[in-house]
Amino acid sequence: MNKMIISVLYVLFFIAGCSNNQDDTNAINKDGYDDVREAAWDFVKEKGWDDRAEENWKSANVTKTIADNHYELLDNAYKEKELLLISFKDKEYVVLGTPPILIAPDTNKVIGYMPSE
């Protein structure tokens with residue numbers, strides 16, 4: 001009887017584990033940065049750069065970086081501070097890509113961007 005209960009529990013845990021993995025695979029951006037992506041996308045639209053990026057802004061890549069001389073800062077108080085860098089996927093065949101956007105993690109405020117060459 002105990003072996004049967006253990007076998008049933010094992011199978012149930014296995015099935016639950018597989019369904020959770022599938023949910024994780026299908027879920028996009030469950031990393032808590034959706035507000036940051038949206039703030040960056042609003043800035044991109046404001047600047048008229050949204051014609052360079054794919055419409056699926058929710059899949060933008062978010063990493064951490066230090067605001068240095070590589071970036072055009074809108075607020076110099078954040079120079080040499082750790083910020084979030086949001087990079088959008090560009091449309092095919094664009095000559096000039098969408099600039100990565102710097103966001104303050106504590107306020108979701110746009111701090112700057114990396115100028116395109």
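Colleague: Which residues does P105 touch, not counting residues up to four places away in sequence?

Modeller: Note that this is a predicted model. P105 sits in the loop between strand 4 and strand 5. Leaving out residues up to four places away in sequence, P105 touches E82, L83 and L84.

Colleague: Is P105 buried, partly exposed or exposed?

Modeller: Buried means under 20% relative accessible area and exposed means over 50%. The relative accessibility of P105 is 46%, so P105 counts as partly exposed.

Colleague: How far apart in space are P105 and Y33, C-alpha to C-alpha?

Modeller: In sequence, P105 and Y33 are 72 residues apart. In space, the C-alpha to C-alpha distance between P105 and Y33 is 9.2 Å.

Colleague: What is the order of the strands in the sheet?

Modeller: The sheet is open, with five strands and antiparallel pairing. Strand 1 and strand 2 (72-73) are the edge strands, each pairing on one side only. Strand 3 and strand 4 pair with each other over three bridges. Read across the sheet, the order is 1-3-4-5-2.

Colleague: In strand 4, which residue is the bridge partner of L84?

Modeller: L84 is among the residues that P105 touches. The bridge partner of L84 in strand 4 is I103.

Colleague: Helix 2 packs on the sheet, but what angle does its direction make with that of strand 4?

Modeller: Helix 2 (residues 34-47) has 14 residues and reaches 20 Å from its first C-alpha to its last. Its buried residues include W41, F43 and V44. These buried residues of helix 2 pack against strand 1 (61-66), strand 3 (82-87), strand 4 (101-103) and strand 5 (110-113). The direction of helix 2 makes an angle with that of strand 4 of about 135 degrees.

Colleague: Which residue follows helix 2, with a positive phi?

Modeller: The phi of this residue is near 80 degrees. The residue that follows helix 2 is G48.

Colleague: Why does T98 count as buried?

Modeller: T98 lies in the loop between strand 3 and strand 4. Leaving aside neighbours within four places in sequence, T98 is in contact with V44, W49, R52, A53, F88 and D90. T98 counts as buried because its relative accessibility is 7%.

Colleague: Which residue has the backbone nitrogen that the side chain of T98 reaches?

Modeller: The distance from the side chain of T98 to that nitrogen is 3.4 Å. The backbone nitrogen belongs to A53.

Terms used. Residues numbered from 1 in each chain as written. Predicted model: local features only at pLDDT ≥ 70, side-chain atom pairs only at ≥ 80, totals over all residues. Heavy atoms only, no water. Helix = DSSP H or I, 4+ residues; strand = E, 2+ residues; numbered from the N terminus. Expected span 1.5 Å × (residues − 1). Buried < 20%, exposed > 50% of the residue type's maximum accessible area, 1.4 Å probe, protein only. Contact = heavy atoms within 4.5 Å. Polar contact = N/O pair within 3.5 Å; in protein donor to acceptor, adjacent residues only side chain to side chain. Pairing = 2+ DSSP bridges. Axes fitted to C-alpha atoms, helices over the stretch in contact; angles between N-to-C directions.
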